[in-house]
There are 2 protein chains.
Amino acid sequence: AKATRSKFANVNFGDRGMSLEEELNASNTYYLENGIAVIHKKPTPIQIVKVDYPSRSAAVIREAYFQHASTTDYNGVYRGKYLDFEAKETKSKTAFPLKNFHEHQIEHMRQCLQQGGICFVIIRFAVLERLFLLRATDLNSYWDRQATGGRKSIPLADVEQLATEIHYHINPLIPYLDAVDLIMDAPSSSH
Amino acid sequence: AKATRSKFANVNFGDRGMSLEEELNASNTYYLENGIAVIHKKPTPIQIVKVDYPSRSAAVIREAYFQHASTTDYNGVYRGKYLDFEAKETKSKTAFPLKNFHEHQIEHMRQCLQQGGICFVIIRFAVLERLFLLRATDLNSYWDRQATGGRKSIPLADVEQLATEIHYHINPLIPYLDAVDLIMDAPSSSH
Ligand SMILES: [Mg+2]
Ligand SMILES: [Mg+2]
């Protein structure tokens with residue numbers, strides 16, 4: 001059993017061709033089916049312009065456009081708490097570029113924090129194959145400092161210090177709620 | 001001021017041609033802009049089949065289909081709590097038909113309740129112009145009884161007894177969080 005475990009532990013799940021989104025969806029399905037949490041990815045908002053209604057078959061959307069979401073991609077409920085997060089990846093090996101986030105996502109997380117929600121981002125350094133959970137409050141500090149000449153990215157060393165590293169697992173593939181537990185159970189938890 | 005107030009109180013906002021969804025969206029915008037709660041309607045999920053990428057202009061979706069949502073339409077965070085709800089209306093004057101809800105919505109609310117979320121439905125009797133907030137736990141009782149020969153709708157008299165009536169207001173148009181406060185502040189609050 002031990003051999004099997006260490007064999008699996010060496011499998012590089014992140015390299016199997018699943019996107020970060022697919023990996024998180026699979027993890028959320030695991031959490032849902034095991035009664036651990038209810039977290040869903042929100043559908044992409046679409047502006048529909050033209051719809052055909054063929055007789056005897058389903059309506060077909062014939063002209064539509066992708067819209068920018070006004071919120072983050074994921075939210076749900078865990079241990080009685082509202083969770084809200086965004087997931088992003090970078091090819092950089094040295095820093096996480098802030099341009100991966102949009103002003104409205106930052107603003108949405110600020111609003112949710114104000115209501116007592118637990119807000120964070122899951123960031124992946126794709127080339128390094130390293131995954132972190134960074135709290136929205138920490139992200140916000142870097143975001144705000146941009147306006148006063150601060151750097152446009154978060155150095156990997158800072159991420160290593162501030163964020164919780166998440167290691168790929170079997171079930172769930174991305175056990176990010178373990179990192180959320182650390183936030184929720186922290187003594188001075190302001191989330 | 002008093003005259004103005006009673007004048008406004010008599011305005012029938014529900015009859016102004018806004019759908020229940022539009023009225024709730026307007027109410028959620030009010031709650032958001034006033035820092036009271038962060039509640040959004042989820043986009044309708046769409047299965048995209050064909051996308052054109054014209055040069056120099058935005059991608060155009062040329063073939064897509066409406067999908068059934070796997071969750072309810074609305075969720076968010078209020079007073080530190082996760083809120084989750086669905087909104088439906090009926091033309092019936094005597095009872096609210098259960099066929100307005102889908103099995104997966106009921107199941108989703110059950111899952112959220114298990115995690116400590118606050119789950120409910122906002123139901124409108126369109127002809128009567130009456131609006132109620134009914135807790136998911138109460139809805140579930142009627143839902144489950146269908147399987148053992150129970151009726152396929154909730155009589156208005158039962159709704160009047162179990163649910164909290166919501167009266168149209170100016171800002172927000174539908175002050176449903178007042179009814180949520182009653183749930184949250186109830187002494188034996190199991191939501
Ligand atoms: Mg996104
Ligand atoms: Mg709906």
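Trainee: Let me start with a side chain: how accessible is R79(B), and what does that make it, buried, partly exposed or exposed?
Mentor: Keep in mind that this is a predicted model. R79(B) has a relative accessibility of 41%, so it counts as partly exposed.
Trainee: And which residue does R79(B) meet in a salt bridge?
Mentor: Its partner is D185(B), with 2.8 Å from N to O. That pair links distant parts of the chain: R79(B) sits in the loop between β4 and β5 of chain B, while D185(B) belongs to the segment after α6 (176–184), 106 residues apart.
Trainee: Nice. Which residue forms a salt bridge with R135(B)?
Mentor: That would be D138(B), where the closest N and O atoms are 3.8 Å apart. R135(B) is partly exposed at 32% relative accessibility, whereas D138(B) counts as buried at 14%.
Trainee: Why does 14% make D138(B) buried?
Mentor: Because buried means under 20% relative accessible area, and D138(B) is at 14%.
Trainee: What about K50(B), which residue is across from it in a salt bridge?
Mentor: The side chain of K50(B) meets that of D52(B), at 3.6 Å from N to O. Both ends are partly exposed: K50(B) has a relative accessible area of 41% and D52(B) one of 29%.
Trainee: How many salt bridges are there over all chains?
Mentor: The count comes to 24. On chain A you'll also find a network of them linking E23(A), E89(A) and R124(A).
Trainee: Then how many salt bridges cross the interface of chain A and chain B?
Mentor: Zero by the rule used here.
Trainee: Which parts of chain A touch chain B, then?
Mentor: At least two residues each come from β1 (38–41), β2 (46–52), β3 (60–66), β4 (74–78), β5 (81–90) and α3 (103–114) of chain A. The largest share of that side, seven residues, is supplied by β3(A).
Trainee: How much area do chain A and chain B bury between them?
Mentor: About 2,900 Å², and 64% of it lies on carbon and sulfur atoms. In terms of contacts, 37 residues of chain A meet 37 residues of chain B.
Trainee: Changing topic to the metals: which protein donors does the magnesium ion (ligand 1) have?
Mentor: D73(A) gives an OD atom and E86(A) an OE atom, 2.2 to 2.4 Å from the ion. D73(A) lies in the loop between β3 and β4 of chain A and E86(A) in strand β5, so the pair ties together parts 13 residues apart in sequence. Both residues are buried.
Trainee: And for ligand 2, which are the protein donors?
Mentor: For that magnesium ion they are D73(B) (OD) and E86(B) (OE), lying 2.2 to 2.4 Å from it. E86(B) is buried, with a relative accessible area of 1%.
Trainee: Last one: how many residues does the largest nonpolar core have?
Mentor: It has 48 residues, and F101(A), I123(A), L139(A), F101(B), I123(B) and L139(B) have the most contacts inside it. Leaving aside neighbours within four places in sequence, F101(A) is in contact with residues including F96(A), I106(A), V121(A) and W143(A).
Trainee: And what's the overall make-up of chain A?
Mentor: Chain A has six helices and 10 strands, and 47% of its 191 residues count as buried.

Methods:
Residues numbered from 1 in each chain as written. Chains lettered and ligands numbered in written order. Predicted model: local features only at pLDDT ≥ 70, side-chain atom pairs only at ≥ 80, totals over all residues. Heavy atoms only, no water. Donors = N, O, S within 2.8 Å, 3.2 Å for Na, K, Ca; no water. Buried < 20%, exposed > 50% of the residue type's maximum accessible area, 1.4 Å probe, protein only. Core = buried A, V, L, I, M, F, W, Y, C linked by side-chain atoms within 4.5 Å. Contact = heavy atoms within 4.5 Å. Buried area = accessible area lost by both parts, 1.4 Å probe. Salt bridge = Lys/Arg side-chain N within 4 Å of Asp/Glu carboxyl O. Helix = DSSP H or I, 4+ residues; strand = E, 2+ residues; numbered from the N terminus.
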